[in-house]
Amino acid sequence: MICLGIESTAHTFSCGIIDNKGKIYANVADAYKTEKGGINPTDAKLHHENVKNKVVEDALNSANLKLEDISLISFSQGPGLAPCLLVGMRKAKELAKKINVPLIPVNHCIAHLEIGKLLTKAKDPVLLYPSGANTQIIAYEGGKYRVFGETLDQGVGNFIDSFARYIGLGFPGGPKIEKLALQGKNYIELPYVVKGMDVSFSGILTNIKQKYDSGKCDVEDLAFSLQETVFAMLVEVSERAMAHCGKNELVLGGGVGCNKRLQEMCKIMCKERYAKFFVPPSEVLVDNGIQIAWLGLLQSNQATTDYDTIDIKPYERTDDVKVTWYRLFTV
Ligand code: AMP
Ligand code: MG
């Protein structure tokens with residue numbers, strides 16, 4: 001069984017193709033970027049409209065497959081920006097109708113977790129999912145992927161991007177801040193905001209902007225201190241989730257998971273508690289069609305050709321989804 005998955009929750013339009021043995025045939029992505037400023041949903045939607053046909057064609061070509069070889073189509077149903085989600089859903093429906101195969105809508109955050117499990121062979125992990133719009137600590141308990149901790153305001157990626165934008169760097173700002181941080185030497189104290197199991201970034205953003213405006217702090221030191229502070233917050237909450245759930249594996253997912261310093265801090269924490277730490281390949285840490293295709297296969301028994309009953313869910317939460325496919329060994 002081969003599934004073609006379409007991702008379009010935010011900045012990236014991507015198409016991935018994978019089979020039920022976990023063999024990856026293709027993963028093609030085209031991401032909307034800006035020189036200055038953040039994601040404008042209307043511009044991101046236009047970007048997706050412009051690239052969608054080519055991305056799907058390129059994926060089929062690089063897989064050496066025809067559309068007729070596909071047995072299932074999946075797409076990101078949410079959470080995400082509604083205008084962007086609609087482009088993906090419409091393309092997915094168009095393809096499914098064309099070859100008359102079932103369609104399965106899937107949750108983007110859970111897809112990050114499942115592809116991480118597939119590619120790292122983690123069995124029953126806690127997922128630290130720091131991305132642009134989302135920041136959650138997720139683990140399976142009692143029939144659902146439960147959110148054990150999350151941001152109370154913006155995602156950590158959006159927070160980093162906002163600061164990057166403030167100091168004149170374009171989108172995405174995460175990789176640029178990571179580079180700057182390598183040159184930082186002095187830790188400048190920033191608010192450390194962990195509330196119970198949750199984290200919050202908006203106060204830190206105000207504070208770091210004020211420090212930048214004061215002209216008294218080196219921007220490299222600020223970038224360094226930003227990373228040290230917010231990554232420590234994420235690692236603290238992840239560790240507590242692992243202790244609470246009695247799980248001894250941590251998997252990273254989400255674009256901010258590409259950050260080498262965050263990876264290092266997770267690794268140290270896991271080592272200290274004799275746990276295993278897994279970093280999936282970067283191409284699945286960022287938004288990608290493969291994760292959508294893989295979760296489509298896991299949920300294939302819920303797929304339908306009743307296409308009109310399916311819609312986007314821009315605000316769908318990880319713990320809204322009933323997990324019927326959970327097995328400790330998926331492949
Ligand atoms: P996602 O929403 O999961 O696709 O992730 C996108 C987010 O990841 C954006 O906010 C990026 O700035 C952020 N990001 C990507 N690479 C890095 C990096 N190396 N360090 C920190 N953040 C990053
Ligand atoms: Mg994502």
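How many residues surround ligand 1, and which are the closest? The views below take this up. This is a predicted model: local features need pLDDT of at least 70, side-chain atom pairs count only at pLDDT 80 or more, and totals for chains, interfaces and linings use all residues. Residues are numbered from 1 along each chain as its sequence is written, and side-chain values use heavy atoms, with hydrogens and water left out.

**View 1. The shell around ligand 1.** The shell holds 16 residues, each with a heavy atom within 4 Å of the ligand. Gly-132, Asp-161, Gly-174, Glu-178 and Gly-255 are the closest. By type, 4 are nonpolar, 9 polar and 3 charged. Here Asp, Glu, Lys and Arg count as charged; Ala, Val, Leu, Ile, Met, Phe, Trp, Tyr, Cys and Pro as nonpolar; the others, Gly among them, as polar.

**View 2. Polar atoms facing ligand 1.** A ligand oxygen lies 2.6 Å from a side-chain N or O atom of Asp-161. A ligand oxygen is also 3.0 Å from a polar backbone atom of Gly-132. A ligand nitrogen sits 3.0 Å from a side-chain N or O atom of Asn-259. The protein covers 93% of the 500 Å² of accessible area that ligand 1 has on its own (Shrake-Rupley method, 1.4 Å probe).

View 3. Ile-24 belongs to strand S3, residues 24-31 (strands are DSSP runs of E, at least two residues). Ile-24 counts as partly exposed because its relative accessibility is 35%; buried means under 20%, exposed over 50%, with a 1.4 Å probe and protein chains only. Leaving aside residues up to four places away in sequence, Ile-24 touches Ile-17, Ile-18, Leu-119 and Ile-290 (heavy atoms within 4.5 Å).

Technical notes. Chains are lettered from A and ligands numbered from 1 in the order in which they are written. A polar contact is a pair of N or O atoms within 3.5 Å; within protein, one must be able to donate a hydrogen and the other to accept it, and residues adjacent in sequence count only if both atoms are side-chain atoms. Helices (H or I, at least four residues) and strands (E, at least two) are DSSP runs, numbered from the N terminus.
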